Amino acid sequence: MGVEGIGASVVRKEDKRFITGKGRYVDDIKLVGMTFAQFVRSPHAHAKVKGIDSSEAMKMPGVIAVLTGQQLVDDKVGNLICGWAITSKDGSPMKMGAWPAMAPETVRFVGQAVAVVIAETKNQARDAAEAVVVTYEELPAVPDVRAAIKPGAPQLHPEAPGNVVYDWALGDEAAVNAAFAKAANVVSLELANNRLVPNAMEPRSAIADYDAAEEHFTLYTTSQNPHVARLVLSAFYNIAPEHKLRVIAPDVGGGFGSKIYIYPEEMVCLWASKKTGRPIKWTGDRSESFLTDAHGRDHVSKAEMAFDKDNKILGLRVKTHANFGAYMSLFSSAVPTYLYATLLSGQYVIPAIYAEVMGVYTNTVPVDAYRGAGRPEASYLLERMMETAARQLKVDPTELRKKNFITQFPYQTPVIMAYDAGDFHASLDAAKKAIDYEGFPARKAKAKSEGKLRGIGVSCYIEACGIAPSKAVGSLGAGVGLWESAEIRVNPVGTIEVLTGAHSHGQSHETTFAQLISERLGVPISQVSIVHGDTDKVQFGMGTYGSRSLAVGGSAIVKAMEKVESKAKKIAAHLLEASEGDIVIENGEFKVTGTDKSLALPMVALAAYTAHNLPEGMEPGLKETAFYDPTNFTFPAGAYICELEVDPGTGKTTFVNFVAADDFGRLINPMVVEGQVHGGLAQGIGQALLEGAVYDENGQLVTASFMDYTMPRADDLPSFKLSHTTTLCPGNPLGVKGCGEAGAIGASAAVINAITDAIGNNKLEMPATPDRVWHVIHGKAA
């Protein structure tokens, strides 16, 4: 490890502009002649659009146009797509209902756009949007996933009878049935994984600019994957040919998965810019974010686990209903299938698993990947089940887990995944030591004497990150490959540019990717710049999600660096009249082993570009590209233990301690990792205690603002104790596994397990608000 290389807690390069207010977000961008868009949105969850009268709006100051969904259809703009094909148990394809960018005939959730106003100022657009008169014929709505599949329920799409998108299964049903037949004990559990609103700090935004002379579009957007956005907009939505569309994602203020997708607003702004001949900006307000950003989670599940007489797991059976909302989003189909059911083995040897998942349409905001994407749902179900089993079997929860841990690697689960490396005992032992697990009974007794209910809860999670290799995900229905690209440019004076297909929206790429270069060449990170987020500058790449930045994007950088180093060593050896095998790189210099002969990197780079004295047949320049496709997923894992107290008089939960012992493989920047874990833990705890999107029976989102949707604040969270065990990932050259989603995956179960331990009642759903906890304690219906 160098001073700024791998393993160094280097201060983030990005922070200078962010903390001084110099970040450049989409809404900061101003174009000449720019106009503003305001969408007219449905107040109904389900209705026919009978008419749109824009006559009064068109008379208002500054109004340029009022455009409707029917005009969009007339111009043959395509419907939004889902990019992952899932096949039902009976072999039939998933039933994807048409999702137009603005509804021409039928709205299916509150907030769906039916028209857009373009005006000279934002306020003029807002005022005019209120003057647009839309006549609706309201239809019955069904926001609840179980109600939606009952006979006689309102139907959302003619393509999906009974509102069923697919009825899918994974695993060996016969083997599971046999396991249960010989079980000494069976543990059952029904639970819900509550719906969440992503609430990234920066709302979504888009600026579209059409150049008529060049017949070329430019889109500035809050995207986690600008190249994929360009691909989808050109190939499926008929916006523009790919070479006539530039997509730029500048600084992006958080995403958590919600900015992976193409949304109607980007499509409409591009289309409207061409129709009006003016650049158009749309920036959503927080209310629009609640009503239109893809929501997360929303599962209802029943699980059963079979044990033998020695408390070894024999089998697991799971039935899940997944609420997809009104339409299929870009990757929504994969979340409750291949990102959820494939992780149901957790950290345990479970010989037989059978999972059934029914995807269902409802009159709610579409649901897609949110930090963790299927892995939190799987971990929550499994870790609640393990805690429930320990209580039913009257054994210590940590000992039950240890008895069933996987210890031999590689390990092939019965649900596709092949774990490559891990040490689950080490993580749990570290967490138990950090929280003084053995001393908990005494602390519980002391709390009881003081009128408080104290509990402890364990959660041992595993996740699959990197979302690769491409051949594997393609065989499972993915519409794209999931490799990553990198280009390394060593400039003539020795400065280095790294062009990456990954995108940073809080992941610290400008620091950690530069550390990879520093490690290899021994140059300061100030000499390295990271370029991303612009399809005209950067070669095609797949973006950032699924904790793939370092495992896939970083590995692509390493592969490109290997090519650069190889060429640079050849040049140095030629100039120094030495054997290439004797050249080593140290502190930014190419040295001949055993001598005092050396050349600094800038001299080697300059020689590459002047080309006066290169090895015979060598091309000038020092620039290389690599595309990296992993051989397997990566598998971060860990153990979280939460200790807390509950006030029986109010139901309020107070944290005493929270420890997290994670295995992320090699850590590139431990300080950045710590920040990522803190953020994930905050979101996991937020789901457990506070957050929850609630719809009424008419499909109205009653938690559509921060007045009703409770976000975690600093004083809601404990001080975390973090530690790391390390097993290197053998599947990539860096040995890294990914850390961005871990906290959100493991935290919720630890908190709920601790509360249910404290109150002595296992029937508690998330969010465990004081009101809900109080009612459970006192045996009263909430």
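A polar contact here is a pair of N or O atoms within 3.5 Å; within protein, one must be able to donate a hydrogen and the other to accept it, and residues adjacent in sequence count only if both atoms are side-chain atoms. With that in hand, look at Thr-106 and Lys-48, whose side chains are joined by a polar contact of 3.4 Å. Keep in mind that this is a predicted model, where local features need pLDDT of at least 70 and side-chain atom pairs count only at pLDDT 80 or more, while totals for chains, interfaces and linings use all residues. Residues are numbered from 1 along each chain as its sequence is written, and side-chain values use heavy atoms, with hydrogens and water left out.

Thr-106 sits in strand β4 (residues 106-107); helices (H or I, at least four residues) and strands (E, at least two) are DSSP runs, numbered from the N terminus. Thr-106 counts as buried because its relative accessibility is 9%, where buried means under 20% relative accessible area, exposed over 50% and partly exposed in between (1.4 Å probe, protein chains only). Setting aside neighbours within four places in sequence, Thr-106 has contacts that include His-46, Val-49, Gln-112 and Tyr-327, a contact being heavy atoms within 4.5 Å.

Now for the open sheet. Its five strands come in the order β7-β15-β14-β13-β8, with mixed pairing; two strands pair if DSSP finds at least two bridges between them. β7 (164-171) and β8 (185-193) are the edges, each with a single partner strand, so one side of each has no neighbour in the sheet. From one strand to the next, the twist averages 10°. β8 runs antiparallel to β13 (residues 299-307), with nine bridges joining the two, and Ala-192 has Val-300 in β13 as its bridge partner. Across β7, β8, β13, β14 (313-325) and β15 (352-361) lies helix α6 (residues 173-181), at about 130° to β14. For such angles, axes are lines fitted to C-alpha atoms, for helices over the stretch in contact, and angles run from 0 to 180 degrees between N-to-C directions.

Glu-304 is in β13 and Arg-317 in β14, so the pair ties together parts 13 residues apart in sequence.

The whole structure has 44 salt bridges. Arg-204 and Glu-266 make one of them, with the closest N and O atoms 3.9 Å apart, and both residues are buried. They also belong to a salt-bridge network with Arg-41, Glu-265, Glu-288 and Asp-293. Elsewhere, Arg-246 and Asp-534 pair up at 2.6 Å, N to O, linking strand β11 to the loop between β21 (528-531) and α16 (549-576), 288 residues apart.

Helix α7 (residues 226-235) is mostly covered, with eight of its 10 residues buried. Its cover includes β10 (216-221), β11 (245-248) and α8 (264-276).

Last, the nonpolar cores: sets of buried Ala, Val, Leu, Ile, Met, Phe, Trp, Tyr and Cys residues joined through side-chain atoms within 4.5 Å. The largest has 173 residues, and Leu-344, Phe-658, Val-751 and Ile-755 touch the most other members. Helix α19 (residues 742-759) gives the most to this core, with 11 residues. A second, separate core of 49 residues includes Ala-572 and Leu-576.

Note on methods
A salt bridge is a side-chain nitrogen of Lys or Arg within 4 Å of a carboxyl oxygen of Asp or Glu.
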